[in-house]
Number of protein chains: 2
Amino acid sequence: MLPTIAWRGRSVLMIDQRKLPGQETYVRCRTYIQVAQAIEKMVIRGAPAIGIAAAYGLVLGVMSLSADTGRSIDRDFERIYVRLERTRPTARNLFWALERMRAAFERNRGQGLRGLRAALLEEAKAIELEDAETNKAIGRHGRALIRDGMTVLTHCNAGALATAAYGTALGIIRAAVEEGKTVRVFADETRPFLQGARLTVWELDKDGIPVVLITDGMAGWFMRRGEVDAVLVGADRIAANGDTANKIGTYALAVLAKENGVPFYVAAPTNTIDFALADGGGIPIEERNPDEVREIGGRLVTLPYAEVRNPAFDVTPAAYITAIVTERGIHRPPYETSLKSPD
Amino acid sequence: MLPTIAWRGRSVLMIDQRKLPGQETYVRCRTYIQVAQAIEKMVIRGAPAIGIAAAYGLVLGVMSLSADTGRSIDRDFERIYVRLERTRPTARNLFWALERMRAAFERNRGQGLRGLRAALLEEAKAIELEDAETNKAIGRHGRALIRDGMTVLTHCNAGALATAAYGTALGIIRAAVEEGKTVRVFADETRPFLQGARLTVWELDKDGIPVVLITDGMAGWFMRRGEVDAVLVGADRIAANGDTANKIGTYALAVLAKENGVPFYVAAPTNTIDFALADGGGIPIEERNPDEVREIGGRLVTLPYAEVRNPAFDVTPAAYITAIVTERGIHRPPYETSLKSPD
């Protein structure tokens with residue numbers, strides 16, 4: 001498996017997720033501006049992965065500074081920080097990673113530029129490494145929810161490509177397969193960006209896990225027909241009460257799952273949880289470029305001037321969520337208490 | 001407005017719905033085989049429209065016969081009939097139109113080939129003309145359901161392009177607009193064939209009716225946010241109890257509408273109703289070519305060998321349907337009785 005993101009000699013390498021699965025090419029970012037643009041343009045996407053990218057972006061930004069002239073480095077750090085922070089508003093992990101990098105900056109502020117750079121690089125690498133370990137732990141806990149022979153529906157891509165490695169929702173499926181269970185996956189194509197068709201199918205195919213591609217409108221019908229045993233998705237931000245922002249279309253799946261008696265599971269690292277938000281009403285929902293809906297792969301599918309709405313995320317109320325899996329365990333309702341201490 | 005389908009001097013002209021809205025081109029069918037293929041390849045689609053196409057296809061088939069040699073014309077008629085009947089399995093209107101043509105054939109069987117041809121052409125033209133009138137009546141009844149200022153969500157294309165003219169679901173919207181109401185439409189793009197993005201947006205734009213394009217996964221979220229006042233769709237086959245087969249994704253919309261207290265309406269001519277089926281369990285669901293999901297506009301969006309499911313329709317149980325509008329009026333539950341006699 002090729003890595004999603006890697007630090008390589010004063011630059012960040014990312015697999016270009018806009019071009020998969022047709023082309024496996026890499027984008028090399030040498031400046032924090034390039035990293036910010038890569039996040040905005042979705043060269044890299046997935047809540048944990050953009051957190052890691054932003055952390056490395058901060059390292060590149062600080063590396064570009066020429067000298068520590070006292071007050072100026074604080075201003076420079078702030079400028080870099082704000083640029084990276086303004087890339088995408090919804091995923092909690094981006095802000096979590098930047099805040100962690102700021103704490104490292106403040107701890108090592110007095111060490112001079114060379115020492116500071118080394119400390120920040122170390123912190124970014126730790127964020128990357130810990131994310132991979134976190135996903136393994138999510139898998140170990142979550143695999144208990146997957147019975148042998150299950151068909152699991154997933155949406156978007158909550159796999160290795162959305163994280164440092166292994167994945168959150170797909171990490172649970174990988175862990176279940178690794179302990180010998182047979183699991184079949186239905187992957188929603190996930191318009192407009194087609195993360196399901198392009199990324200989830202590609203990832204699972206590489207691992208030899210059987211995957212069936214369907215359009216987003218089909219998911220409910222397969223639930224109704226009894227062909228789906230569980231729905232399993234990732235998350236971009238989870239409020240303290242369990243309300244969960246995730247890729248647009250997730251809310252619809254949760255309603256359809258409840259209506260058909262299918263369990264609905266969310267998998268995410270705890271750094272996705274925003275304890276400052278009492279519920280999902282306060283989660284900012286990114287509205288992206290209308291051309292993402294008007295076009296598919298650069299090809300127009302409607303009138304060029306068609307009016308479009310393009311929210312990139314929706315919020316699934318906690319009442320529809322059977323369980324949330326983090327690296328700490330399986331959290332059941334009521335989430336206000338269980339997110340602080342799982343079973 | 002260009003016609004969807006028209007008889008033009010021993011041939012049938014159809015606007016090529018695969019190429020809209022980028023190109024407005026016509027396909028001319030001179031044989032019944034060409035008509036059958038046009039239906040299969042979705043040059044023409046929409047339950048009422050394929051019924052009209054099949055009727056004209058039968059006319060072309062009978063016109064190609066060279067002489068009435070007694071028993072052979074029955075065999076020839078049967079061969080033509082069966083070829084047209086086997087094009088698409090789900091929509092009731094196709095079979096209804098063919099059965100009506102068969103009745104005309106039997107009534108005029110004794111008139112010799114020339115008289116028979118004239119009678120069949122007259123019958124096919126009557127089917128086309130009546131469909132346009134039926135849609136106007138659906139609009140007159142259904143507009144009572146649309147309040148001034150409403151935002152109506154629709155799926156697929158149940159417009160002029162799906163019928164002889166005016167449309168069923170879009171006919172109701174047109175009728176509401178014609179009586180001075182302001183109506184805004186949310187159009188689901190409707191993967192895989194993109195009837196919403198390509199056809200509904202194009203049709204409503206031509207009429208100056210405001211339309212907003214969204215992806216299929218967004219519809220539930222806009223209902224949850226209170227931005228949708230009603231859902232209004234067409235139908236391909238309605239069972240005697242009101243269970244309704246329509247374009248894949250319709251079932252999900254109906255569940256989401258119910259969950260959010262949004263009325264869910266179906267609009268269709270009575271020839272869509274299959275009184276021989278007690279419920280929707282017996283409706284045959286067409287599964288189409290997997291490449292429709294793997295590709296968009298001929299462009300691959302996943303692995304070329306990705307496993308795919310591609311049901312073209314789903315069945316919405318009557319319990320989710322607030323009302324069914326036909327040319328006879330507004331039918332409310334219980335549909336077992338009301339479909340026979342509306343309010």
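The side chains of Glu227(B) and Arg309(A) meet in a salt bridge, with N and O 2.9 Å apart. The model in which this pair is found is a predicted one. On the side of chain B that touches chain A, at least two residues each come from helix H7 (195–207), strand E6 (211–214), helix H8 (219–224), helix H9 (250–259), strand E14 (307–308) and strand E15 (313–316). Sorted by class, that side has 32 nonpolar, eight polar and twelve charged residues.

In terms of extent, 52 residues of chain B are in contact with 52 residues of chain A. The two chains bury about 4,500 Å² between them, and 64% of this lies on carbon and sulfur atoms. Within chain B, the residues that lose the most area to chain A are Trp221(B), Tyr251(B) and Arg309(B), which together account for 16% of what that side buries.

A further salt bridge between the chains is formed by Arg191(B) and Glu189(A), whose closest N and O atoms are 2.7 Å apart. Arg191(B) sits in the loop between strand E5 (184–188) and H7 of chain B, and Glu189(A) in the loop between strand E5 (184–188) and helix H7 (195–206) of chain A, so the pair joins two chains. Arg191(B) and Glu189(A) are both buried.

Other salt bridges lie within one chain. Over all chains, a search of the whole structure finds 48 salt bridges. One of them, in chain B, brings together the side chains of Lys206(B) and Glu24(B), at 3.5 Å from N to O. This pair links distant parts of the chain: Lys206(B) is in helix H7 of chain B, Glu24(B) is in the loop between strand E2 (12–15) and strand E3 (26–29) of chain B, and the two are 182 residues apart. Lys206(B) is partly exposed, with a relative accessible area of 41%, and Glu24(B) is also partly exposed, at 39%.

In chain A, Asp16(A) forms a salt bridge with Lys19(A), with the closest N and O atoms 3.8 Å apart. Asp16(A) has a relative accessible area of 1% and is therefore buried, whereas Lys19(A), at 38%, counts as partly exposed. Elsewhere in chain A, salt bridges link Arg88(A), Glu286(A), Arg288(A) and Glu292(A) in a network.

Asn246(B) gives a view of a polar side chain in the interior. This residue lies in strand E9 (residues 244–247) of chain B and is buried, because its relative accessible area is 5%, under the cut-off of 20%. What does the side chain of Asn246(B) reach at 3.4 Å? It reaches the backbone oxygen of Gly234(B). Leaving out residues up to four places away in sequence, Asn246(B) touches Val233(B), Gly234(B), Ala235(B), Asp236(B), Ala312(B), Phe313(B) and Asp314(B).

The largest nonpolar core has 154 residues, and Val231(A) and Val231(B) have the most contacts inside it. With residues up to four places away in sequence not counted, Val231(A) touches Leu153(A), Met223(A), Leu253(A), Ala257(A), Val262(A), Pro263(A), Phe264(A) and Tyr265(A).

Definitions and conventions: Residues are numbered from 1 along each chain as its sequence is written. Chains are lettered from A and ligands numbered from 1 in the order in which they are written. This is a predicted model: local features need pLDDT of at least 70, side-chain atom pairs count only at pLDDT 80 or more; totals for chains, interfaces and linings use all residues. Side-chain values use heavy atoms; hydrogens and water are left out. A nonpolar core is a set of buried Ala, Val, Leu, Ile, Met, Phe, Trp, Tyr and Cys residues joined through side-chain atoms within 4.5 Å. Buried means under 20% relative accessible area, exposed over 50%, partly exposed in between (1.4 Å probe, protein chains only). Contact means heavy atoms within 4.5 Å. Buried area is the accessible area (1.4 Å probe) that two parts lose on being put together, summed over both. A salt bridge is a side-chain nitrogen of Lys or Arg within 4 Å of a carboxyl oxygen of Asp or Glu. Helices (H or I, at least four residues) and strands (E, at least two) are DSSP runs, numbered from the N terminus. Ala, Val, Leu, Ile, Met, Phe, Trp, Tyr, Cys and Pro count as nonpolar, Asp, Glu, Lys and Arg as charged, and the others, Gly among them, as polar. A polar contact is a pair of N or O atoms within 3.5 Å; within protein, one must be able to donate a hydrogen and the other to accept it, and residues adjacent in sequence count only if both atoms are side-chain atoms.
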